[in-house]
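Have a look at the fold first, then we'll get into it.

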Amino acid sequence: MEMERKLYEQFFQRSRSYYLNKVDSYNSGRKITFNLAPFIFGFSWFIYRKMYLEAGIVFAILILQVIIEEALLSSTLNTIIQKSISSCISIIIWAATGFLGNYLYISKAKRIIAQTADLPEIEQEKILSKKGGVSLLIPIVLIGAYILLALFVNYI
């Protein structure tokens, strides 16, 4: 058990105390807990946590939301009702990311720990350090690209 905890610490890095508490909750049967960061930052939080597949899924859901809203709501309802429905759907998606963020992150940690279980401890720790923790570069680049895109769209 102590070795498993050390591996989780290696994966979670600076946020280890928060996520180790969540792992304890997860292992005691409480798999779904709320995390404010993915609720507020959405798919950017998943990218920050190196959860690229999950970020892509959340982004695809958001794009799908826009497409469905444009197709179904734009011609049938007045603007106030459209915006209300759109806001409710957005809040539901944000809440889902808030409630699923920890679960998905811990599941990823468990999966990577299991995949590296047969490796020597030094190799296992290297992989956990590389695949765990956070990445600031990609979210910063994406935010910059988003700002440039917004400026470009407003300019045209």
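Q: At what angle do the axes of α1 and α7 cross?

A: Keep in mind that this is a predicted model. The two axes cross at roughly 40 degrees and come within 7 Å.

Q: Why are α1 and α7 called oblique rather than roughly parallel?

A: Roughly parallel needs an angle under 35 degrees, and roughly perpendicular starts at 65. The α1/α7 crossing is roughly 40 degrees, so the pair counts as oblique.

Q: Which residues of α1 and α7 meet?

A: From α1 you get Met3, Lys6, Leu7, Gln10 and Phe11. Across from them, α7 brings Glu121, Gln124, Glu125, Leu128, Ser129 and Lys131. By type, the contact splits into four nonpolar, three polar and four charged residues.

Q: What makes the buried residues of α7 line one face of the helix?

A: Those residues are Gln124, Glu125 and Leu128. Looking down the axis of α7, they fall within an arc of 95 degrees, so they line one face. Their cover includes α1 and α6. On the face turned away from the buried side sit the exposed Ile122, Lys126 and Lys130.

Q: Why is Lys50 called buried?

A: The cut-off for buried is under 20% relative accessible area. Lys50 comes in at 17%, so it is buried. Its place is the loop between α4 and α5, and its phi is positive, about 60 degrees, although it is not a glycine.

Q: Which residues touch the most other members of the largest nonpolar core?

A: Out of 20 residues, those are Tyr8, Phe11, Phe12, Trp45, Phe46, Tyr105 and Leu128. The elements giving two or more residues to this core are α1, α2, α4, α5 and α6. The largest share, five residues, comes from α6.

Q: What is Phe12 in contact with, leaving aside its neighbours within four places in sequence?

A: Its partners are Tyr19, Leu20, Val23, Arg49, Tyr105, Ile106, Ala109 and Gly133.

Technical notes
Residues are numbered from 1 along each chain as its sequence is written. This is a predicted model: local features need pLDDT of at least 70, side-chain atom pairs count only at pLDDT 80 or more; totals for chains, interfaces and linings use all residues. Side-chain values use heavy atoms; hydrogens and water are left out. A nonpolar core is a set of buried Ala, Val, Leu, Ile, Met, Phe, Trp, Tyr and Cys residues joined through side-chain atoms within 4.5 Å. Buried means under 20% relative accessible area, exposed over 50%, partly exposed in between (1.4 Å probe, protein chains only). Helices (H or I, at least four residues) and strands (E, at least two) are DSSP runs, numbered from the N terminus. Contact means heavy atoms within 4.5 Å. Axes are lines fitted to C-alpha atoms, for helices over the stretch in contact, and angles run from 0 to 180 degrees between N-to-C directions. Angles under 35 degrees count as roughly parallel, over 145 as roughly antiparallel, 65 to 115 as roughly perpendicular and the rest as oblique. Ala, Val, Leu, Ile, Met, Phe, Trp, Tyr, Cys and Pro count as nonpolar, Asp, Glu, Lys and Arg as charged, and the others, Gly among them, as polar. The arc is that of the directions from the helix axis to the C-beta atoms.
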